[in-house]
Each structure stands twice: as structure tokens, then as C-alpha cells.
Amino acid sequence: MKDEVSLYTDGACRGNPGPGGWGAILQAGARRKELSGGEAHTTNNRMELTAVIRGLQALKRPCRVLVVTDSKYVLQGMTEWLEGWKRKGWRTAAKKPVLNSDLWQELDQVAALHEVRWEWVKGHSGHPMNELADRLANRGIDELVLN
């Protein structure tokens with residue numbers, strides 16, 4: 001039986017593009033692991049994707065994962081758009097290259113190792129784990145700026 005894990009993620013950017021950060025919290029029962037990081041020149045959407053990728057990569061074996069994100073971009077990408085992009089050679093319906101296709105492909109690969117469900121929550125609405133993920137994402141930026 002696969003372990004059940006909740007993954008709460010968020011990305012942040014100061015300027016878009018600009019310095020960005022990501023935060024992820026893995027929770028399985030009473031165990032919790034917090035992750036964060038940042039990039040000097042990026043976009044909010046890239047940080048949202050990176051948060052989910054890094055969270056899933058931190059799992060040591062295949063799990064049943066509930067990914068909770070405030071990013072409709074990530075949610076819709078994984079649940080609505082991904083299969084079409086793959087069929088069209090990573091092109092949009094307008095035949096343009098998919099933005100952030102490098103991260104979408106990485107997320108697709110790492111998500112395939114797990115049984116993933118997706119849930120959207122409204123950002124900055126008081127959801128405790130989303131607020132924590134946001135603080136971690138901002139910490140990722142702060143650590144970049146301070147170093």
C-alpha cells in the first residue's frame with residue numbers, strides 16, 4: 001500500500017520576472033518536511049511549477065499524493081492542458097511553443113512516479129498550509145537577496 005502524502009506548494013516573485021522563490025510542505029500523518037529555494041531571475045509561474053517538482057522529488061518512494069496549490073496555472077496545466085501539449089509536440093492550440101515547457105516536462109515525469117490528485121485553494125485566504133508555503137517561498141527570495 002502506498003503512503004499517503006499531502007504536498008502544499010507556492011511560488012512567489014518580486015517583479016515578474018525578478019527574484020523568485022518557492023515553498024513546499026510535505027505532510028504524512030504527524031510528519032512534516034518543509035522545503036524552499038529561490039532563483040535570481042525567474043517568473044511566478046516558474047516558481048509555482050518548481051515548488052511542485054521539488055516537493056515530489058523529495059519523496060523517496062511512490063506515494064499517493066494530494067497536491068494543494070493556489071496556482072490555477074499549475075492545476076489546469078496538469079489536469080486539462082498537458083495531454084494536448086504532448087500530442088502537439090509542446091505547442092499550444094495557437095501553435096506557439098508552450099511556455100515553461102522544460103518545467104512542465106520535468107513535472108510530468110516526476111508526477112508519473114506517483115498517484116497524484118490536484119486541489120486548488122484560493123491564495124492569501126487564510127488556508128494555514130498555503131500561508132506557510134507562501135512564507136517559505138518568500139524566505140527563498142529573502143535568502144537570495146541576503147546572500
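The legends below describe close-up views of a predicted model.

View 1. In the pair formed by Trp 81 and Trp 85, the ring centres are 5.7 Å apart and the planes meet at 50°, so the pair is tilted. Both residues belong to helix α2, which covers residues 72-87, and because they are four residues apart there, about one helical turn separates Trp 81 from Trp 85. Trp 81 counts as partly exposed, with 30% relative accessibility, whereas Trp 85, at 11%, counts as buried.

**View 2. The aromatic cluster and a charge over a ring.** Trp 81 and Trp 85 are also members of a cluster in which ring pairs link them with Tyr 73, Trp 90 and Trp 104. In a separate detail, the charged end of Lys 72 sits over the ring of Trp 120, at 4.5 Å from the ring centre.

**View 3. The largest nonpolar core.** This core has 31 residues, and those touching the most other members are Leu 7, Val 52, Leu 56, Trp 104, Leu 107 and Trp 118. Two or more residues each come from β1 (3-13), β2 (18-28), α1 (44-57), β4 (63-69), α2 and α3 (101-111). Leaving aside residues up to four places away in sequence, Leu 56 touches Leu 7, Val 65, Leu 107, Val 110, Ala 111 and His 114.

Terms used
Residues numbered from 1 in each chain as written. Predicted model: local features only at pLDDT ≥ 70, side-chain atom pairs only at ≥ 80, totals over all residues. Heavy atoms only, no water. Phe/Tyr/Trp six-rings, centres within 6.5 Å; stacked < 30°, edge-to-face > 60°. Buried < 20%, exposed > 50% of the residue type's maximum accessible area, 1.4 Å probe, protein only. Lys NZ or Arg CZ within 6 Å of the ring centre and 35° of its normal. Core = buried A, V, L, I, M, F, W, Y, C linked by side-chain atoms within 4.5 Å. Contact = heavy atoms within 4.5 Å.
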